[in-house]
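Keep the model open as you read.

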Amino acid sequence: MTTLAHPTTLATRTTTRVRLPALRYLGPNWYATVMGTAIVASAGAGLPLEIPGLRAACVVVWALSAVLLAVVLAARAGHWLYHRDRARADLLDPAVAPFYGCAAMALLAVGGATLLVGRDVLGERAAVAADAVLFGAGTLLGLVIAVAIPYLMVVRHRVGPADASPVWLLPVVSPMVSAAVGPLLVPHLAAGQGREALLLGCYALFGVSLLATLMMLPLVFGRLVAHGPLPLAMTPLVFLVLGPLGQSTTAVSQLADAAPGAIGAPYAGALGAFAVVYGVPVMGFALLWLTLSAALVVRAVRLGMRFTMTWWAFTFPLGTCVTGAVGLGRHTGLVALEWLAVGLFALLVAAWSAAGWHTLRGVIGGTLPAAPPVPRPAAVRTG
């Protein structure tokens with residue numbers, strides 16, 4: 001009986017492997033679909049305008065993001081289970097490994113949207129619990145990735161100045177997402193040490209990401225100036241630079257909102273002032289980079305750029321600019337910033353709709369996830 005059971009087990013495993021061929025090329029970049037969807041719900045919920053049906057639409061989008069998170073997590077688990085060779089190769093590929101930062105940001109984005117929007121369905125207590133779990137998991141994973149991927153870049157990846165890419169920002173931006181989402185949980189903690197520890201911990205995460213980003217940005221811009229535009233299919237990735245800009249502006253606003261109930265009055269007032277002093281110039285630079293990025297995308301479209309999964313780079317970074325503008329509008333009272341947020345939200349919805357529609361067509365049509373056009377060995381150092 002044992003002899004008969006063993007081949008049956010092998011046959012079952014073989015059948016399972018055959019049924020999951022698409023998972024082989026389902027990389028960590030697919031978490032961008034979760035991030036891009038969740039930010040639409042969060043950004044829409046924070047808009048200062050009362051638009052009929054907007055809140056209900058945000059709830060639907062939040063639910064979609066939660067489903068996407070579950071599906072992508074399961075699919076990525078299958079990727080590691082059945083295609084471990086490919087998963088290891090992705091970690092050693094300098095063009096793919098940075099996308100592991102998207103996993104942490106997907107958890108954090110859905111957690112934040114759950115507390116902002118999902119509470120309409122789950123109730124506040126369940127929403128807080130869900131956000132706390134996702135925030136904890138996303139923050140821990142984000143810190144691990146913020147160290148592990150740069151370590152691999154130094155020790156194993158072989159890259160040069162011409163290889164610098166906006167995707168290098170992804171591993172170090174996730175702590176900034178934690179800094180923006182964490183303050184939402186501060187009022188739900190008991191007054192005292194817990195609140196202050198979470199608030200200051202989020203400021204520490206803000207610093208981790210900000211300083212790491214300041215090291216990366218000159219490399220990215222230097223590559224564009226010295227070596228010209230990115231390849232057409234990669235052009236949307238220039239939007240990734242907006243991520244740390246918009247998210248840091250959002251973070252300082254959220255932290256300033258949470259400060260009065262968590263830290264002493266002198267510091268709370270200073271943190272409110274810092275939100276404006278920091279946020280206004282950074283948002284100004286974000287708008288400059290948005291204009292430059294849009295010009296590069298228009299150029300790429302004119303030269304024949306077609307849809308790829310890089311189109312999801314339009315969504316989450318743009319959404320952080322929406323939430324950043326909303327925060328600045330709240331702290332300054334400027335109506336112009338509120339209208340800026342509305343305009344950016346309209347662009348976000350258009351970008352999300354385009355990326356989502358083409359992705360859905362690709363999944364249904366079987367063209368996504370697609371194998372790389374030309375197999376290439378991972379570039380690694382032997383030391």
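## Ground rules

Helices (H or I, at least four residues) and strands (E, at least two) are DSSP runs, numbered from the N terminus. This is a predicted model, where local features need pLDDT of at least 70, side-chain atom pairs count only at pLDDT 80 or more, and totals for chains, interfaces and linings use all residues. Residues are numbered from 1 along each chain as its sequence is written, and side-chain values use heavy atoms, with hydrogens and water left out.

Pro369 sits in the segment after helix H12 (335-365). The peptide bond between Leu368 and Pro369 is cis, with omega at about -5°. Most residues other than glycine have a negative phi, and most peptide bonds are trans.

## The kinked helix H5

Helix H5 (residues 101-122) has a kink of about 55° centred on Leu116. The bend at a residue is the angle between axes fitted to the seven residues ending there and the seven starting there. H5 is also mostly covered, with 17 of its 22 residues buried (buried is under 20% relative accessible area, exposed over 50%, partly exposed in between, using a 1.4 Å probe and protein chains only).

## H8 against H10

How do the axes of H8 and H10 cross? Helix H8 (residues 193-227) and helix H10 (residues 265-302) have axes that come within 15 Å and cross at roughly 25°, so H8 is roughly parallel to H10. Axes here are lines fitted to C-alpha atoms, for helices over the stretch in contact, with angles from 0 to 180 degrees between N-to-C directions. Angles under 35 degrees count as roughly parallel, over 145 as roughly antiparallel, 65 to 115 as roughly perpendicular and the rest as oblique.

On the H8 side, the contact (heavy atoms within 4.5 Å) is made by Leu199, Tyr203, Phe206, Leu210, Phe221 and Leu224, and on the H10 side by Leu271, Phe274, Tyr278 and Trp289. By class, that's ten nonpolar residues, no polar and no charged (Ala, Val, Leu, Ile, Met, Phe, Trp, Tyr, Cys and Pro count as nonpolar, Asp, Glu, Lys and Arg as charged, and the others, Gly among them, as polar).

## Two buried residues

Thr33 is in helix H2 (residues 31-46) and is buried, with a relative accessible area of 3%. Not counting residues up to four places away in sequence, Thr33 touches Leu68, Val72, Met309 and Trp312.

Ala75, in helix H3 (residues 54-82), is buried too, at 14% relative accessible area.
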